[in-house]
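Subject: Structure handover

Hello,

Here is the structure I said I would pass on. My notes on it follow below.

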Amino acid sequence: MAVCVAVIGKDNSPKYIRCIDESSALQFHCKVHTSIDIIEEKLNVGNKTTIDIRDLYLGLLYATEEYKIYGYVTNTKIKFIIVLHSSNISLRDNDVKVIFKKLHAAYSNAVCNPFYIPGDQLNSKSFDLAVMEIMGIISPF
């Protein structure tokens, strides 16, 4: 399913990045950081917000020949970015929204841990398992 999943803090610093292939992790880091600019542009279109504030899903940020990058922003300005293969045409927009909702729920559970310090890197085993499930590394059953 997903090739790379990233969580970016409100100060645009990476809190969590997981790639399916660690040998090409640098390539995905560049794609994630490029998409941050697009997210900021979509969120700050003048003073008028063209995106409904209640709709956290930003949709397709941009596509390359190999990958499609999707974005999602929480109410607290935490950004989720998912990179998918362009050849994966079976996933529709609603499927990607469901993936982001699962990722958001896993993130919420991870940061609600009383031992998590806000603003730190995300080092939660349960969050990592949820991301691996989203990426298709492990099965949900």
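Which residues in H2 meet which residues in H3? Ile99, Lys102, Leu103, Ala106, Tyr107 and Ala110 in H2 meet Phe127, Ala130, Val131 and Ile134 in H3, where contact means heavy atoms within 4.5 Å. The residues of this contact divide into nine nonpolar, no polar and one charged; Ala, Val, Leu, Ile, Met, Phe, Trp, Tyr, Cys and Pro count as nonpolar, Asp, Glu, Lys and Arg as charged, and the others, Gly among them, as polar.

Before going further, the basis: this is a predicted model, in which local features need pLDDT of at least 70 and side-chain atom pairs count only at pLDDT 80 or more, while totals for chains, interfaces and linings use all residues. Residues are numbered from 1 along each chain as its sequence is written, and side-chain values use heavy atoms, with hydrogens and water left out. Helices (H or I, at least four residues) and strands (E, at least two) are DSSP runs, numbered from the N terminus.

The helix pair

H2 and H3 pack at an angle of about 170°, with their axes 9 Å apart. Axes are lines fitted to C-alpha atoms, for helices over the stretch in contact, and angles run from 0 to 180 degrees between N-to-C directions. The two helices are therefore roughly antiparallel (over 145 degrees).

H3 covers residues 125–135, and its buried residues are Phe127, Ala130, Val131, Met132, Ile134 and Met135 (buried means under 20% relative accessible area, with a 1.4 Å probe and protein chains only). They pack against strand S1 (2–8), strand S2 (14–19) and helix H2 (93–111). After H3 comes Gly136, with a positive phi near 85°.

The aromatic residues

Tyr16, Tyr57, Tyr72, Phe80, Phe100, Tyr107 and Phe127 form one aromatic cluster. Rings of Phe, Tyr and Trp (its six-membered ring) pair if their centres lie within 6.5 Å, and planes under 30 degrees apart count as stacked. The count comes to seven aromatic pairs. Tyr72 is buried at 3% relative accessibility, and Phe80 is buried at 0%. Tyr72 also stacks with Phe100, because their ring centres are 5.3 Å apart and their planes at 10°. That pair links distant parts of the chain, with Tyr72 in strand S4 (residues 67–73) and Phe100 in helix H2, 28 residues apart.

Thr74

Thr74 is found in the loop between S4 and strand S5 (79–85). At 5% relative accessibility, Thr74 counts as buried. Leaving aside neighbours within four places in sequence, Thr74 is in contact with Leu56, Phe80 and His104.

Regards

Notes: Buried < 20%, exposed > 50% of the residue type's maximum accessible area, 1.4 Å probe, protein only. Parallel < 35°, antiparallel > 145°, perpendicular 65-115°, else oblique. Phe/Tyr/Trp six-rings, centres within 6.5 Å; stacked < 30°, edge-to-face > 60°.
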